[in-house]
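Please look it over before reading on.

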Amino acid sequence: MNSLCDAVKDEEIKTIANATVGLYTRLTDGLHHITDKNGWQVLADLEFSSYIELDDPDQLMEMEGRICPINIQQDVEGKYFQCACGKKHIKRLSIMEYKKAKDWEYLVLGSECISTLEKYTKELEGIDNIKKKIKLWLEDIKDEVKKLRYKKCLSCNEYKVSRTTNYKNPARHFWCNNCSSAGKVKCVTCGDYRFFNLDWKKQPMKYCRSCYFSS
Ligand SMILES: [Zn+2]
Ligand SMILES: [Zn+2]
Ligand SMILES: [Zn+2]
């Protein structure tokens, strides 16, 4: 199974190698530089692990030692993160697992870099596996960004309640637009609408009367 997969990748990498015109190679050049292997092959071996947005690099320094040293740099202002392509001071980090390195486990890619890669490979025929992989990464990133910006609606469980919007309607801090209406909110259990209220702990009351008393 694995060797078949590798064979497909080899074919794809040959295809890419022949299609050098107008291709975005900054990232794959960087990966080649870091690992001494073909950058596209490295790309094919990466697995998306997590997405982090940070203003303060200290947040991630606990992973220092597990992250490829090239990703963590220092200047007069202190430590910062750099994409595998060499772009400095990135803040939207995609942490990718790479099992083939000896001394570290994760590589950091800038999310912009992945989007750029996707744009440039879109038209290229014969590299479906790599294209699929990049697309899935972008979907993973989109999901993670959504979770950072929104919290789950108490009723429908979808990430639709903004973490930053200062809603005038207090119910909207807990329920999405679909699950709240005219001062009422959907009971988390039965779906009936009840008036929005906070309990004595200042937490939203999640259940209607009958669900509350039957639980
Ligand atoms: Zn980059
Ligand atoms: Zn909802
Ligand atoms: Zn109910």
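## Zinc site

The zinc ion (ligand 2) is coordinated by Cys-153 (SG), Cys-156 (SG), Cys-176 (SG) and Cys-179 (SG), at 2.3 to 2.4 Å. Donors are N, O and S atoms within 2.8 Å of the metal (3.2 Å for Na, K and Ca); water is not among the atoms, so sites may look incomplete. Along the chain, the donors of this ion follow the spacing C-x2-C-x19-C-x2-C.

The four donor atoms subtend angles of 101 to 115 degrees, which makes the arrangement tetrahedral (all angles between 85 and 135 degrees). Cys-153, at 1% relative accessibility, counts as buried, whereas Cys-156 is partly exposed at 32%. Buried means under 20% relative accessible area, exposed over 50%, and partly exposed in between (1.4 Å probe, protein chains only).

## Basis of the model

This is a predicted model, in which local features need pLDDT of at least 70 and side-chain atom pairs count only at pLDDT 80 or more, while totals for chains, interfaces and linings use all residues. Residues are numbered from 1 along each chain as its sequence is written, chains are lettered from A and ligands numbered from 1 in the order in which they are written, and side-chain values use heavy atoms, with hydrogens and water left out.

## Domains

The domain assignment, automatic or from a database, gives domain 1 (6-149) and domain 2 (153-214). Their C-alpha centres lie 40 Å apart. Four residues of domain 1 are in contact with four residues of domain 2 (heavy atoms within 4.5 Å).

Key:
Tetrahedral: all angles 85-135°; square planar, octahedral: opposite > 155°, others 65-115°.
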